[in-house]
Amino acid sequence: TNTSDDSNKTLVDSNTSEKTLLEREDSMDSQDGLLHRWDRGNSLSITLKEWDIPYEQLKIGDVIGTGRFGTVYKGIWHGSVAIKMLNMDEDTDNQAQISAFKLEVAMLKNTRHENLLLFMGACMKPPHLAIVTSYCSGQTLYTHVRSNREKLQMNKIILIAQQIAQGMGYLHARNIVHKDLKTKNIFLENGKVVITDFGLFNVTKLCHGNRKGDWLHISPGWLCYLSPEIIRQLNIRGSVDLKFTERSDIFAFGTIWYELLVGEWPFRNQPPESIIWQVGRGIKQSLGMVAAPREVKELLLLCWLYKMDDRPGFKQILKLLDRLPKKRLVRSPSHPVQLSRSVDS
Ligand code: ADP
Ligand code: MG
């Protein structure tokens, strides 16, 4: 379990509002849990009920770890599963939390892609709100890039990035923004990439422990994936929802690309305030020490562009990845990477 990057927390204003979610839920016919809005045009008219797993049916095993959600358990439900138990606030009858949860479950049930974690169902009866997915036996990419540096050759890195871009391209084609794309949310199983936790950010921020009043916990391990436009929203007092977009996912993909190349997060060991200050102004981690071909660094700079509309989409990223020179080894820098003061706005 790894919660170490959560130890160095600052508090950033985020007046968590469930308003938009509630409004959306209100606009649906939610009688009997039917979500017609989501099923429009679908003759099968799938209901959320079909994805409801009675809590009693789950065999809950060991704790795998604790994250922003609450606790993840290993479990059994027709085979090995991972169970994300949501630690809701004390007043578990909170309608906003349950609505947010159901809304995200409605979205999850429509995701089917080789590189996306398989969603199996959810427990939707309070106080037991949980998401049940397939269990990943592999390592996270976070661990992988840090423990297998010497083995990570350029062609392997490209294969990993291509699979991430494919899974993400699928999500974006379905108008699903990941909102929490990071190496800890990507598993590697025998070379296959499995992306997890897409679209769940609204649930996580409603969970107990992520908020203190209107403040949201920020950890350095999260900050380096946040694009300048998101970072700038952190600074606005009373800012409610962080407006994650497909382009903020692209920025996060850039950070993953950096991690694949260097084996570390950008702005390593810098305090959150300093990262917020720099990224918000368009200052990037310098690539001077990254020993990789020019095209490899160019891809990084494209994903990290200050203006969100200038960043490429995953289709274009896939094209760029395809053209990269494949054979060369990437070496991690032996000393800390310096900062550059370049702003491209
Ligand atoms: P984070 O993503 O920040 O690590 P999570 O709450 O998503 O936090 O996960 C907590 C722990 O559970 C992590 O160690 C994560 O790797 C593990 N985990 C999450 N989902 C699965 C899964 N489907 N299979 C196996 N382990 C998982
Ligand atoms: Mg996760």
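Student: What should I know before I start?

Tutor: Residues are numbered from 1 along each chain as its sequence is written, while chains are lettered from A and ligands numbered from 1 in the order in which they are written. This is a predicted model, where local features need pLDDT of at least 70, side-chain atom pairs count only at pLDDT 80 or more, and totals for chains, interfaces and linings use all residues.

Student: Which strands form the open sheet, and in what order?

Tutor: Strands are DSSP E runs of at least two residues, helices are H or I runs of at least four, and both are numbered from the N terminus. Two strands pair if DSSP finds at least two bridges between them. Here 5 strands line up as β2-β3-β4-β6-β5, with antiparallel pairing. At the edges sit β2 and β5 (119–125), each pairing on one side only.

Student: What joins β2 to β3?

Tutor: There are 5 bridges between β2 and β3 (residues 70–76), and the two run antiparallel. V63 stands opposite Y73 in β3. As a general idea, side chains in a regular strand alternate between the two faces of the sheet.

Student: Where is there a hairpin?

Tutor: Look at β8 and β9, which have 2 residues between them; N190 in the turn has a positive phi of about 50°. These strands, β8 (residues 186–189) and β9 (residues 192–195), are joined by 4 bridges. F187 stands opposite V194 in β9.

Student: How do I read two packed helices?

Tutor: You use the angle between their axes and the distance between the axes. Axes are lines fitted to C-alpha atoms, for helices over the stretch in contact, and angles run from 0 to 180 degrees between N-to-C directions. Helix α9 (residues 246–262) and helix α11 (residues 294–303) pack at about 150°, with axes 8 Å apart. Angles over 145 degrees count as roughly antiparallel, so that is what α9 and α11 are to each other. Residues are in contact if their C-beta atoms, placed from the backbone, lie within 7 Å; among those making this contact are W257 of α9 and L299 of α11.

Student: Which residues come nearest to ligand 1?

Tutor: A residue is near a molecule if its C-beta atom, placed from the backbone, lies within 6 Å of it. Of the 19 residues around ligand 1, G65, G67, V72, A82 and C136 come nearest. Strand β2 (residues 59–66) gives the largest share of that shell, 3 residues.

How values were computed. Angles under 35 degrees count as roughly parallel, over 145 as roughly antiparallel, 65 to 115 as roughly perpendicular and the rest as oblique. Two residues are in contact if their C-beta atoms, placed from the backbone, lie within 7 Å.
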